[in-house]
Every structure is written in C-alpha cells, then in structure tokens.
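Visitor: Hi! Could you walk me through this one while I have it open on my screen?
Guide: Happy to, let's bring it up.

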Amino acid sequence: MDRNNSFVSSWSGGKDSAMAYYRALKMGMVPKKLLTMFEEDGEVSKSHALPLEVVKAQAERLGVPLLIKEASWNTYESRFIEAMNECRAKGISHGVFGDIDIEDHLEWVKTTCAKSDIVSVHPLWQKPRRAIVEELLDVGFEAWIVVVNTKMMPAKYVGARFTRELIEELEAAGIDSCGESGEFHTVVVDGPIFTERVPVEIGNTVLRGDYIFAPVLLKESN
C-alpha cells in the first residue's frame, strides 16, 4: 500500500528498527533519511548508547543520509518534531518505526508525526514477538545485546550475540526475547540491508544504576 513512498527511518541502530527498515524495503518503500536521537551531549544514542561513529558506519552501509538530533527526555518531542519538519521540507512523506505492540507509543508516534504531515508506518505492528526475532535471524541479521536492564533480566546477557539458542534461553527464563518492554537493547552490525558488515568490537561492561552497558566500538580499518 505504501509502494514507492519515500521514508525517514526512526533508527535506533538495534534489531527492531532494522527489521522495520527491512520490511519497508520489501513493501517497496524508498529510504531517504535515517533519524537517530542522541543524548544531549551528543556522545551516544538514546537508550542503545551507540557512539556516533558506529551509527555513522551503519548509515554508510545502508547508503542513506543520517540525521542526528540531540535531546534530553524533556526536549525529546520538540527535537523529534523539528527532525520530522526537516524531512517533510525535503519531500519525505512517511516515517518508518519499529513499534510492535505497545499502544501508547504507537499513538505518540502517530500524533507527533501528524504535526509534521508525516504518515507513520509500523511494519512490525501486532506481529508475534517471537516471529519477529526468528525472522531477524532467518534473513541473516547479526545483532548483539549491548544494554541490559538488570531489574528485568540477568546482567550476564550483556555482550551476548543474538542467536536462536539465546532466544530459547531467554524465553525459558521467562524473559521476552524481543525485549519490547525495555529488558534489553541491541546493535545490528550485519544483514540484508547493509552493503557490508559494520566492523565493531564489544568493550568492557559499564554499570550505570539499573543498567549495564557493553560499549560498542568501531574497529579501525587496516
């Protein structure tokens, strides 16, 4: 239904945004921009804590220009609208988002995009969570867990590669393998949407409050 429509991808750098992007391409949509929200200091992305050079490397391998907006949670909405206005001014008509089944967030995205006359598209909406992560692996994405909420799951999973065995282990422990409620966040470094793998290494873990992070570092080219 959205064939040939141009879109800005809400790009966290993680698995859900990558799968939404992938499915949008399958729908015949045309990517024109990636939008990644960063912390106010501009050092790492919000939630996923990816450094700018890693997100830039992803964008280069997608072949799509990157738009960065720095925000606190208080200024998030105004900065997001600013970004959508910029996209609309460049003729981009649609926004692609990785929401799966959290109604409040879907409504926020729809309402906020509408302020910029952007139509929000949610390719993963109401798809079974388990089916999404299985498709992620089936089509060849490579993802790593880089943030864990230690109130919701054990810290040991940070820095783990996302595999079918891991999905089984998480679900057996009663943990949502999609992490849709914020249990964990991922970084995607390879897959059918990239021209080549993003060369990264996972650094030593850092604990901040209830969250443990595995810093993602871009490897130097030889």
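**Pocket, cores and salt bridges**

Guide: In the largest pocket, at least two lining residues each come from helix 1 (15-26), strand 2 (30-38), helix 3 (76-89), helix 4 (103-114) and strand 7. Keep in mind that this is a predicted model.

Visitor: How much space lies in the largest pocket?
Guide: About 880 Å³.

Visitor: Which residues lie nearest its centre?
Guide: Ser-12, Ser-47, His-48, His-105 and His-185, out of a lining of 36 residues. That lining divides into 15 nonpolar, 16 polar and five charged residues.

Visitor: Switching topic, which residues have the most contacts inside the largest nonpolar core?
Guide: Trp-11, Phe-162 and Ile-193, in a core of 55 residues. Elements giving two or more residues to this core include helix 1, strand 2, helix 2 (52-62), helix 5 (129-138) and strand 7. Helix 1 gives the largest share, six residues.

Visitor: And what is Ile-193 in contact with?
Guide: Beyond its neighbours within four places in sequence, Ile-193 contacts Trp-11, Ala-18, Tyr-21, Tyr-22, Leu-25, Arg-61, Leu-62 and Phe-141. There is also a second, separate core of 14 residues, with Met-37, Ala-71, Met-84 and Cys-113 among them.

Visitor: What about Asp-190, where is it found?
Guide: Asp-190 sits in strand 7 (residues 184-190).

Visitor: OK, salt bridges. What does the count come to?
Guide: The count is 19 salt bridges. One of them joins Arg-129 and Asp-176, at 2.7 Å from N to O. This pair links distant parts of the chain, with Arg-129 in helix 5 and Asp-176 in the loop between helix 6 and strand 7, 47 residues apart.

Visitor: Is Asp-176 buried or exposed?
Guide: Asp-176 counts as buried, because its relative accessibility is 16%, and the cut-off for buried is under 20%. Arg-129 is partly exposed at 23%.

Visitor: What does Asp-138 form a salt bridge with?
Guide: With Arg-164, and the closest N and O atoms are 2.6 Å apart. Asp-138 is in helix 5 and Arg-164 in helix 6, 26 residues apart. Asp-138 counts as exposed at 55% relative accessibility, while Arg-164 counts as partly exposed at 34%.

Visitor: Which residues do shared partners join into one network?
Guide: Lys-69, Arg-79, Glu-82 and Glu-86 are joined that way by salt bridges.

Conventions
Residues are numbered from 1 along each chain as its sequence is written. This is a predicted model: local features need pLDDT of at least 70, side-chain atom pairs count only at pLDDT 80 or more; totals for chains, interfaces and linings use all residues. Side-chain values use heavy atoms; hydrogens and water are left out. Helices (H or I, at least four residues) and strands (E, at least two) are DSSP runs, numbered from the N terminus. On a 1 Å grid over the protein atoms alone, a cavity is a set of points where a 1.4 Å probe fits but cannot get out, and a pocket is an open set with protein on both sides within 12 Å along at least five of seven lines; lining residues have an atom within 4 Å of a point. Grid points are joined across faces, edges and corners, and a volume is the space filled by probe spheres set on the points. Ala, Val, Leu, Ile, Met, Phe, Trp, Tyr, Cys and Pro count as nonpolar, Asp, Glu, Lys and Arg as charged, and the others, Gly among them, as polar. A nonpolar core is a set of buried Ala, Val, Leu, Ile, Met, Phe, Trp, Tyr and Cys residues joined through side-chain atoms within 4.5 Å. Buried means under 20% relative accessible area, exposed over 50%, partly exposed in between (1.4 Å probe, protein chains only). Contact means heavy atoms within 4.5 Å. A salt bridge is a side-chain nitrogen of Lys or Arg within 4 Å of a carboxyl oxygen of Asp or Glu.
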